[in-house]
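Me: Could you walk me through how the helices pack in this model, and what lies around the ligand? I would like the definitions along the way.

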Amino acid sequence: MTNIIETKDLNFGFSPSVRTLHHLNLQIESESIYCFLGPNGAGKTTTLRILLGLLKADHQRISIFGQHLNSNRLAILKRIGSLIEQPSLYHHLTGHQNLELYRLTFRCDQKRIPEVLSITGLSEARHQLVKTYSLGMKQRLAIALALLHDPELLILDEPTNGLDPQGIIEIRGLIKQLKEEFHKTILVSSHLLSEVEKIATHVGILHKGCLLFQGSSRSLMEMKSENTAFELELDAPEKAMPHLENSFNVRKISETTLSITGMTKEQVPVLLARLVKQDLRIYRAAFGTCSLEDLFLDIIPS
Ligand SMILES: Nc1ncnc2c1ncn2[C@@H]1O[C@H](COP(=O)(O)OP(=O)(O)OP(=O)(O)O)[C@@H](O)[C@H]1O
């Protein structure tokens, strides 16, 4: 697979004394859904803005479609569709009229309007005023605008932010469809680890401007399962502790719940059998969730 985006040792600061991005080496493969993951303030939007030439940086260090961003900016940008922060929509116009305005500005083919309306599921609502659209519909319209010129690469900054669960599901479905059916490469930022499981083929984890992890989402998920705590709810945790502490890393997290880390699936029946033998009543036994913060604790060099 070829890389559509590559940055080599990219640094950036809004002021000379404060560096926001440190030695970024991004590698984003063609036809991947690359989830750029990080908490608020990590530097995701800053990176995306640099890739789109919206912030001045050392563009010599950035290649997109195999070309340096500094010398081929316009040619590169013509092949990218983007949605950064709030979409700029005309709320007093219909969805169709918004698309027509952009189409005229960017001189796209007329046939693209019904195509992008259909892709984004807005064909029926096309003559509705945008001010009557739900947040999810507005977001889909913004993606439709980004798709008008049929770009190969889409850069989306937190497109599910603020949406209700239904809206989130629709945007995720749309992103997957754009890759699978239309072979787009999609770089999408998020602060939710769950987004990776749901849509990403690849992941880059940014923390305080440093890329802590980059690879396939499968390799991240393997790492995540190793870091997921096993939770045990039982009548008397303090009675269970002596039977567990020698073999496992155990911590009491509530009156009735113990959290055990570093445990494999195969060890579950052994552990449960040991506790049942002690006449302990087990109400719940399951692997919990691993948050982005939990993963950071493991990835961040101490
Ligand atoms: N225009 C600016 N001038 C100065 N500092 C900025 C500017 N924009 C962002 N920053 C700072 O750069 C850092 C990275 O911000 P950025 O918006 O890229 O993070 P992010 O990962 O996208 O987080 P969020 O999800 O909150 O937008 C933050 O400390 C932020 O305060």
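Reply: Two residues are in contact if their C-beta atoms, placed from the backbone, lie within 7 Å. Helices (H or I, at least four residues) and strands (E, at least two) are DSSP runs, numbered from the N terminus. This is a predicted model, in which local features need pLDDT of at least 70, side-chain atom pairs count only at pLDDT 80 or more, and totals for chains, interfaces and linings use all residues. Residues are numbered from 1 along each chain as its sequence is written.

Me: Which residues in helix 6 does helix 5 meet?

Reply: On the helix 5 side, the contact uses L135, G136, Q139, R140 and I143. Their partners in helix 6 are Q166, G167, E170, I171 and L174.

Me: At what angle do helix 5 and helix 6 pack?

Reply: Axes are lines fitted to C-alpha atoms, for helices over the stretch in contact, and angles run from 0 to 180 degrees between N-to-C directions. For helix 5 (residues 135–147) and helix 6 (residues 165–180), the axes are 9 Å apart and the angle is about 20°. Angles under 35 degrees count as roughly parallel, over 145 as roughly antiparallel, 65 to 115 as roughly perpendicular and the rest as oblique. That angle therefore makes helix 5 and helix 6 roughly parallel, at about 20°.

Me: Why is helix 3 oblique to helix 4?

Reply: The axes of helix 3 (residues 95–106) and helix 4 (residues 112–119) come within 10 Å. They cross at roughly 130°. Because of that angle, the relation of helix 3 to helix 4 is oblique.

Me: Which residues in helix 4 does helix 3 meet?

Reply: Helix 3 brings H96, L99, E100 and R103 to this contact. In helix 4 they meet R112, I113 and V116.

Me: Which residues of helix 5 make the contact with helix 3?

Reply: The axes of helix 3 and helix 5 come within 10 Å and cross at roughly 25°, which means that helix 3 is roughly parallel to helix 5. Helix 3 contributes G95, N98, L99 and Y102, and helix 5 contributes L141, A144 and L145.

Me: Which residues surround the ligand?

Reply: A residue is near a molecule or strand if its C-beta atom, placed from the backbone, lies within 6 Å of it. The shell around the ligand consists of F14, T20, G38, N40, G41, A42, G43, K44, T45, T46 and H191.

Me: How far apart do the C-alpha centres of domain 1 and domain 2 lie?

Reply: Domain bounds come from an automatic or database domain assignment. Here that assignment gives domain 1 (3–224) and domain 2 (227–299). The distance between their C-alpha centres is 40 Å.
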